[in-house]
Amino acid sequence: MIATPDDVVAIQKIRLQSSEKSKMTRDRNGFRKLLIVLTRSGKVFALHTGDGRIVWSLLLKSLRKSETCENPRGVSLHQWQDPHHHALDENPSVLVVGRCGQGLDSAGVFSIVDTYTGKESYHVGPTHSIAHVIPLPFTDSREQRLHLLLDANRQGHLYPRTAEALGIFQHDLGNVYWYSAETDNGVLRGHGVQKNCVLEVADDYCFGTRDLWSIVFPSESEKIAATATTSSNEVVHTQAKVTADQEVMYKYISKNLLFLATVSPKAVGPIGSVTPDESSLVVYVIDTVTGRILHRMTHHGSQGPVNAVFSENWIVYHYFNLRAHRYEMSVIEIYDQARAENKDVLKLVFGAHNLTSPITAYSRPEVFTKSQSYFFTHSLKTIAVTLTAKGITSKQILLGTIGDQVLALDKRFLDPRRTVNPTQAEKEEGIIPLTDSIPIIPQSYVTHALKVEALRGIVTVPAKLESTTLVFAYGVDLFFTRLAPSRTYDSLTEDFSYALLLLTIVGLIVAIFVTWVWSEKKDLQDKWR
């Protein structure tokens, strides 16, 4: 008997309800999660990663139209509380930030939302403007993360507004730095926190800011096109990189580094609107604490749009080469020259090195870079990189193409140490022979035959399994999947035959027992001879 379409739907619903991946509980691998999504209209959704269903939705009170907030809009989401020691008492929560207008000087609103229940536990607004949100690397006793909200007057407002949070922040007041890029004026500035704001009504949780340094790009030759920094939750497994000839190169790792790209003012328009002689792309690597330029490189005859991603000690960026009439991708890797004498692997193993010496951003770093460029066939909308729990697994670069698909590219294709004829030792290390272009493998499309309409961004989050990373692409459509860049080397596949494994173990035990009995009988017969 053939099932009717209604029967098929019913069967699929039963399968989905009984499926492990759609349960509303945590799994040991960290695959089952809730995706918290904010729309511009101020509505928050929680989506289940197993089947994409809406677990709960909420139109925030702070982002509802009112006399005091006539044009509310959602701006951003930030992690507020992620309890570990208080997991039985507290639920994870997020900070939802919005504005009552289009401009940065509009009144700001924000809410704290429980991610498990969807309840709005706290909301403020309209209040001071919110031009920028800085998540701080500090948490209080309730494991609430401290945030500094900057207003249009460049004053910082500390949240949560508790005495404990204030004490934690004041203790590390001198170690809080950030940057701002004024694209219209061509100015990059570094900022720090100073004493409390001078207001008519005293506010202990309001702090003034000061400019630490600035870089002014000449308006007649350079215009800021793109910036990129490393992810705040990225884990670097090791600073040392052992080469094929058993030498050690040390990655220059710093959370304070910024990649910045500028283009000629005439090259700001669409591709082809300027000649190669009139266009150039300049890239910088800048320390945001001191404003020191660590690296600068010029691509003559190139223009934007520029898409870049920064991970560990390397940057990958994408742009258009007017001379070759093709898109290009370039890679820059930064290494620590100050530790170049520690080239012996045995010194690294037995601890005879200076890796534990203190590092400060104010000392002039001795760095050297390696770079390489390749032709690439696709235009891009966005670019991201995979993240894993311990940073051991190989990296993949996720490219959001102009066709609204996501392409996973092995980082080994963007290795500046690639040569045309690599040695046998380099091949064993995993270095791929150099070609002028990066190959596109059809099987590498993460989205397969699907499209994420109006693709705007890609977010990656590590799972508990080191081999796996979770990928979320968003636009008009939403797409979620999980990737294993180095395959699932730390887990068994879902179709693994446990019955066959059990039979094999039982067979081995029987074989061992039979062999032992046969051996005992043989020894006894030999003794009677």
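In this tour a residue is called buried when its relative accessible area is under 20%, exposed when it is over 50%, and partly exposed in between, judged with a 1.4 Å probe and protein chains only. The model is predicted, so local features need pLDDT of at least 70 and side-chain atom pairs count only at pLDDT 80 or more, while totals for chains, interfaces and linings use all residues. Residues are numbered from 1 along each chain as its sequence is written, and side-chain values use heavy atoms, with hydrogens and water left out.

Begin by selecting K522 and D526, which both lie in helix 5, four residues apart, or about one turn of the helix; helices here are DSSP runs (H or I, at least four residues), numbered from the N terminus. K522 forms a salt bridge with D526, and the closest N and O atoms are 3.6 Å apart, where a salt bridge is a side-chain nitrogen of Lys or Arg within 4 Å of a carboxyl oxygen of Asp or Glu. K522 is partly exposed at 40% relative accessible area, and D526 is partly exposed at 35%.

Next, select E182 and R189, whose salt bridge has its closest N and O atoms 2.9 Å apart; E182 is partly exposed at 26% relative accessibility, and R189 is partly exposed at 23%.

Finally, look inside for cavities, each a set of points on a 1 Å grid over the protein atoms alone where a 1.4 Å probe fits but cannot get out, with lining residues having an atom within 4 Å of a point. The structure holds two cavities of 30 Å³ or more. The largest cavity has a volume of about 50 Å³, and selecting T230, E234, V236, I253, S254, K255 and E312 shows its lining. For the second largest cavity, of about 30 Å³, select T386, L387, T388, G391, T393, S394 and K395.

Terms used: On a 1 Å grid over the protein atoms alone, a cavity is a set of points where a 1.4 Å probe fits but cannot get out, and a pocket is an open set with protein on both sides within 12 Å along at least five of seven lines; lining residues have an atom within 4 Å of a point. Grid points are joined across faces, edges and corners, and a volume is the space filled by probe spheres set on the points. Helices (H or I, at least four residues) and strands (E, at least two) are DSSP runs, numbered from the N terminus.
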